[in-house]
Amino acid sequence: MRRKVWSTLGSRLRGTNLYGYLYKSYWHSVFNKSNENNDGETTCYLSAVPNPGAGIGHQLANWIAGYWWAKQFGLKFAHIPFGSDSWEHVLGFGEGDVTLTQLKKEGYKVRKLPLFDEDRPNEVSNIKRIISSYKGNKVVFLCEQDQFYKNQYGVIKDIQNKFFNAPARAEDKLIFDDNNYNIAIHVRRGDIMTDPSNPNLAMRYISNDYFEKVLSNVLHHVVKTNKPVHIYFFSQGKVSDFQEFEKFENLHWCLDMGAKDSFLHMVYADALITSKSSFSYKPALLNKGIKVCPENFWHSYPKSKDWVLVNDNGDFIS
């Protein structure tokens, strides 16, 4: 109830001059001069809560935003575990990082930051002013829930290093054959089929025809190998829901594979075709092969040869 009231109040005041007054951190910056000339090593940390009510793709977006903004504001990063112990283990992102729980035991105070728009310099400057007013104190700044960071690829090197060096990698078991060229295709269904009238879900839907065309284009223009090509189809539903794909050779249906195993296969694929979904966008950030992605998405992509963008018609963007 408390979280619901806070969320409602924040959404109503967001964009008004009163919004900042909801936060202790803002009041602190009002009554305490900033210490911008203090060049000593920062004692403060920043963190973000992976939304416990959301899927792992959404949670990763939260974690990445915290990791990114800690760097941008010159702060140390404090890890907050993901919603389940199993995902925490599989990802291994917390390895070597101090946790919020540890810092609280060491006497650090937690101060939540107001939500800010990364494209509005005045809002970013306000956050910097708040942070500066705490220099020299033992404080962990906590991003407001779902603080946005669009260009999540800015942390690719760091999260790849964390993921591929995690102890859990010794436990990875794949159905891929290393002697083949393995293509993973993620066709988002499941949640977006529950309420077709919901515009928030409708914007995430992409037709079978689109994926059929993209897969054909990948096979004809992207794949350059002498290895046998095998296709692994990750989605939800029945085979009869995807009859357009039965014409493709060496097609493997992965409709009943669990979320963690599906995630891992998307990471390790030689080529990954994503949906408008954080669940395949995040493996794409970890994937070291070719990524083929829908141009219109709420996060951005690196401008490099291993990222291929596709328009709404399924055509490659030159």
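Trainee: At what angle do helix H2 and H6 pack, and how far apart are their axes?

Mentor: In this predicted model, helix H2 (residues 24-31) and H6 pack at an angle of about 75 degrees, and their axes are 8 Å apart.

Trainee: What makes H2 roughly perpendicular to H6?

Mentor: Angles of 65 to 115 degrees count as roughly perpendicular, and the angle here is about 75 degrees, so H2 is called roughly perpendicular to H6.

Trainee: Which residues meet where H2 and H6 pack?

Mentor: From H2 come Ser 25, Tyr 26 and Ser 29, and they meet Asn 126, Arg 129 and Ile 130 of H6. Sorted by kind, the residues of this contact are two nonpolar, three polar and one charged.

Trainee: Why is H3 described as largely enclosed by the rest of the structure?

Mentor: A residue counts as buried when its relative accessible area is under 20%, and 13 of the 17 residues of H3 are buried, so H3 is largely enclosed by the rest of the structure.

Trainee: How do you know that the reach of H3 is close to what is expected?

Mentor: Helix H3 (residues 56-72) reaches 24 Å from its first C-alpha to its last, and the value expected at 1.5 Å a residue is 24 Å. Following H3 is Gly 74, which has a positive phi, near 70 degrees.

Trainee: How do you know that the span of helix H9 agrees with what it should be?

Mentor: The 15 residues of H9 (residues 208-222) should span 21 Å at 1.5 Å a residue, and the end C-alpha atoms are 20 Å apart, which agrees.

Trainee: What do the buried residues of H9 pack against?

Mentor: They pack against strands E5 (181-186), E6 (229-234), E8 (271-273), E9 (290-294) and E10 (307-310); among the buried residues of H9 are Tyr 210, Phe 211 and Leu 215.

Trainee: Which residues of the largest nonpolar core touch the most other members?

Mentor: That core has 57 residues, and Leu 46, Phe 73, Phe 93 and Phe 141 touch the most other members. The largest share of this core, eight residues, comes from H3.

Trainee: What does Leu 46 touch, leaving aside residues up to four places away in sequence?

Mentor: Contact requires heavy atoms within 4.5 Å, and the residues that Leu 46 touches include Trp 69, Phe 73, Leu 113 and Phe 141. There is also a second, separate core, which has 24 residues, including Tyr 181 and Phe 233.

How values were computed
Residues are numbered from 1 along each chain as its sequence is written. This is a predicted model: local features need pLDDT of at least 70, side-chain atom pairs count only at pLDDT 80 or more; totals for chains, interfaces and linings use all residues. Side-chain values use heavy atoms; hydrogens and water are left out. Helices (H or I, at least four residues) and strands (E, at least two) are DSSP runs, numbered from the N terminus. The expected span of a helix is 1.5 Å times one less than its number of residues. Buried means under 20% relative accessible area, exposed over 50%, partly exposed in between (1.4 Å probe, protein chains only). A nonpolar core is a set of buried Ala, Val, Leu, Ile, Met, Phe, Trp, Tyr and Cys residues joined through side-chain atoms within 4.5 Å. Axes are lines fitted to C-alpha atoms, for helices over the stretch in contact, and angles run from 0 to 180 degrees between N-to-C directions. Angles under 35 degrees count as roughly parallel, over 145 as roughly antiparallel, 65 to 115 as roughly perpendicular and the rest as oblique. Ala, Val, Leu, Ile, Met, Phe, Trp, Tyr, Cys and Pro count as nonpolar, Asp, Glu, Lys and Arg as charged, and the others, Gly among them, as polar.
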